[in-house]
Amino acid sequence: MAREYNSLIIDELNLTKYLFFTGKGGVGKTSVSCAIATKLADSGKKVMLVSTDPASNLQDVFDMTLDNKGVEIEAVPNLTVANFEPEQAAAEYRESVIGPFRGKLPEAALKNMEEQLSGSCTVEIASFNEFSFFITDKAAADKYDHIIFDTAPTGHALRMLELPSAWSDFIAKSTHGASCLGQLAGLQEKQEVYKTAVRNLTDSEKTTLFLVARADEASLKEASRASVELEEIGMTNQRLILNGLLDHADDHFSKIICDKQTRALQNMPEALKQYDVFKVPLKAHNIAGVENLRSFFQVEQVVTPAAVMERKATSSLADVINDLAHSDKRVVFTMGKGGVGKTTIAATIALELAKQGRKVHLTTTDPAAHIRNVIDESFGITMSRIDEKQELKKYREEVLKKAHETGATQDDIDYIEEDLRSPCTQEIAVFRAFAEIVDRSEDEIVIIDTAPTGHTLLLLESTDNYDREISRTQGETPESVKKLLPKLKDEKFTEVLIVTLPEATPYYEAKRLKEDLDRAGIFSKWWIINSSYQDIDTSNAVLSNRAHSEVVWINKIVEDSNHFTALVKWVPSELKGANLEELLK
C-alpha cells in the first residue's frame, strides 16, 4: 500500500531556531524556504532568511536588491533577507585584513598582501565567515525567532556545512600557523566561533534540516545521499519535503506524470523512509512575488486559461548539435542553474555527435555528479568525472614526492604536509584535473556537464591566479593549465550552451550567467530552453496554466539570444541511454 504523506502545515510543525533547506538543484528549495519565511513572519515571528548559494535568486523572488548583511522586506514586516555574494564577501574580507596596514606599510608590501588574498581560498573563507556569523551570533539569535538558510544545491551545501569541521581541524593541527591563508592572521582567533558553529549545526534542539525533493528518481537519490552524509557530520534532525506533486490526473498526459511520481515514491531510498515526509502540490504559476509566496500554502482554484499568447519561433536541439558539428567546436560546456537539465542535454549532445562519427569525451565537474545515471561508454563515447577526494589524494602525493626528491628538510616537509591539509588545496587539485580534461580536446570533442553556475564561474575565473595558488604548495603548473585560458577564450574552439527553463528564476539566472561569460570573454551563442510544456496535449488545468505562463519567458529568451534559442519539450519517458533521442523531437 502506498504511504500517505502529510500536507506541509507550518502551524503544526515544532520548528527550531535554525532551519536549513537543501536538495538537488531545481527542486524548489528557494520557493519553499521563502514561502515558509513569509508565513512565519506574517504570523508575528521575527525571521531572518539567508541564502548561502553562490547562484542565489532571492532577489528575483522578492523583486528587490539585497545585500549580504540583511534587508528588511517592507511588504513582509518581521522578515529580513540576506543574500551571500561570494566575491563581495571576499573583497570586504580582504579589506578588513589589509585596511589596518594602509599608510603604515610600503605600497609593494600591500600589493603582496592583496596577491596572497586573491585566490579562491579567500572567497571560501570569506563566505564561511559570513555563514558562521549567522549561526553563532548571540545578538542575531536573540533578535530572530528563526534563521532560515536557503542553501546551495547539495554538493555545495555539503561542502559549506562540512567547513566548520574542516577549518577547525586545520587550525587545531597547525603548528607553523595557517600558511595557506597568507595574511589571514586573525583566523586562529575565530576557532571558537567555528566550534560554536559545529555545535549549533549538530544540536537537534536548535537545528532542523529539510531535505527538499521532487518525486523523481534522481532527486530522491540526491536527497538520500545528502541525508546520509549530513547525518555523518551530526545533523540528525531531518525532515523530507516532496515538492511539486501533481495531486490529480484527469487526462492522458497528467496520468503519465502522476504514475511516474507514484513509481518514484514507491522506490524511495531506504535512508529517507525514517523521516517525517510532507507534500507540496505542483503550482499552476511561478512562485515569485510576495503575494504568490503568501498563497503558497493555500488551495489553488485553477481554471484553464482562455487565451494563449503568441510564441516566437524557436529552433530544436538537433539544430544546436548540427551547428556545433559544422563549426567544429572542440570544447562545449552546458551551463545554467541547478536542476535545469544540463546533464541530459550534455549527454544527448555527446550521443548525437558520436553517432555522426566524432570522437567524443563526456565529463562532469559537478561535485554531485549524476551523469552515469544517464549514459555510459556503450554508446561510443569516453567518459570521466572529477572526483574531488581522489584528485586531492593524487595531488598531495605528487607534491610530497617532489619535496623528498629535491632534498627538502624535515621541517620543510612538515610545513608542506600541514599546508596540504588545508581545505583550500582541494580547489587546486580539482582545477588541475579540469585543465587535463580540457586538454583532451586536441583529439576529441570534450562535452563538459558543469556544476551549477556559481561553482562553475569560480572554477573558470581561477585560471588567472592559478599559478600563484599552486606555487604556495610547492607544486608545478602543468602545461595543460598554461594552455587552458587561451582555449576557453577562443570562440572557434570553445562554446558555452546556456541551459534554462521557461520560468522566471532560471531565466534571470541564465541572463546573469550570459553577462558573466561576456565579461570573462567566453563565447556563448545558443540558449536551450529545457522541459517545456509547449505543444503538450493536455486539458489538465494546472499543466495548461504552466504551459501558458511559459510563453512570456520563451519570448524574452528568444529576444535576449538574438533568436538562437532551442526549445526542448518535456518528455514522459525516463531520460537514459537511447531514450535521450526523445529530446531531439
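Biologist: What is the relative accessible area of D328?
Modeller: This is a predicted model, numbered from 1 along each chain as its sequence is written. Local features need pLDDT of at least 70, side-chain atom pairs count only at pLDDT 80 or more, totals for chains, interfaces and linings use all residues, and side-chain values use heavy atoms, with hydrogens and water left out. Buried means under 20% relative accessible area, exposed over 50%, and partly exposed in between (1.4 Å probe, Shrake-Rupley method, only the protein chains shown counting as cover). D328 is partly exposed, so its value falls in the middle class: 39%.

Biologist: What is the phi of D328?
Modeller: Most residues other than glycine have a negative phi. D328 sits in the loop between α12 and β10 (331-335); helices (H or I, at least four residues) and strands (E, at least two) are DSSP runs, numbered from the N terminus. D328 is not a glycine, yet its phi is positive, about 55°.

Biologist: Which loop holds D535?
Modeller: D535 also has a positive phi, near 65°, and is not a glycine. At 59% relative accessibility, D535 counts as exposed. Its loop is the one between β15 and α21 (541-560).

Biologist: How many salt bridges does the structure hold?
Modeller: Side chains of opposite charge can pair when their charged atoms come close. A pair counts here if a side-chain nitrogen of Lys or Arg is within 4 Å of a carboxyl oxygen of Asp or Glu. The total is 30.

Biologist: Why are K138 and D142 about one helical turn apart?
Modeller: Their side chains meet in a salt bridge, 3.0 Å from N to O. K138 is exposed at 61%, and D142 is exposed at 58%. They are about one turn apart because both lie in helix α6 (residues 138-143), with a spacing of four residues.

Biologist: How many residues apart in sequence are the parts tied together by K525 and D323?
Modeller: K525 forms a salt bridge with D323, and the closest N and O atoms are 3.0 Å apart. K525 lies in strand β15 (residues 524-532) and D323 in helix α12 (residues 317-326), so the pair ties together parts separated in sequence by 202 residues.

Biologist: Which residues share one salt-bridge network with D439?
Modeller: D439 pairs with K483, the closest N and O atoms being 3.1 Å apart. This links distant parts of the chain, 44 residues apart: D439 is in helix α16 (residues 425-439) and K483 in helix α19 (residues 479-488). D439 is partly exposed at 24%, and K483 is partly exposed at 29%. Salt bridges with shared partners join D439 into one network with E442, K483 and K487.

Biologist: Which residues gather in the patch of negative charge?
Modeller: Patch residues have over 30% relative accessible area and no salt bridge, with like charges joined within 9 Å. Asp and Glu count as negative, and their charges are placed at CG of Asp or CD of Glu. D414, in helix α15 (residues 410-420), is partly exposed at 31%. The surface patch is made of D411, D412, D414 and E417.

Biologist: How many disulfides does the structure hold?
Modeller: A disulfide is a covalent bond between the sulfur atoms of two cysteines. The cut-off is a pair of cysteine sulfur atoms within 2.5 Å. C34 is buried at 0%, and C258 is buried at 13%. The disulfide count is zero.

Methods:
Patches are made of residues with over 30% relative accessible area and no salt bridge: like charges are joined within 9 Å, nonpolar side chains (Val, Leu, Ile, Met, Phe, Trp, Tyr) within 5 Å.
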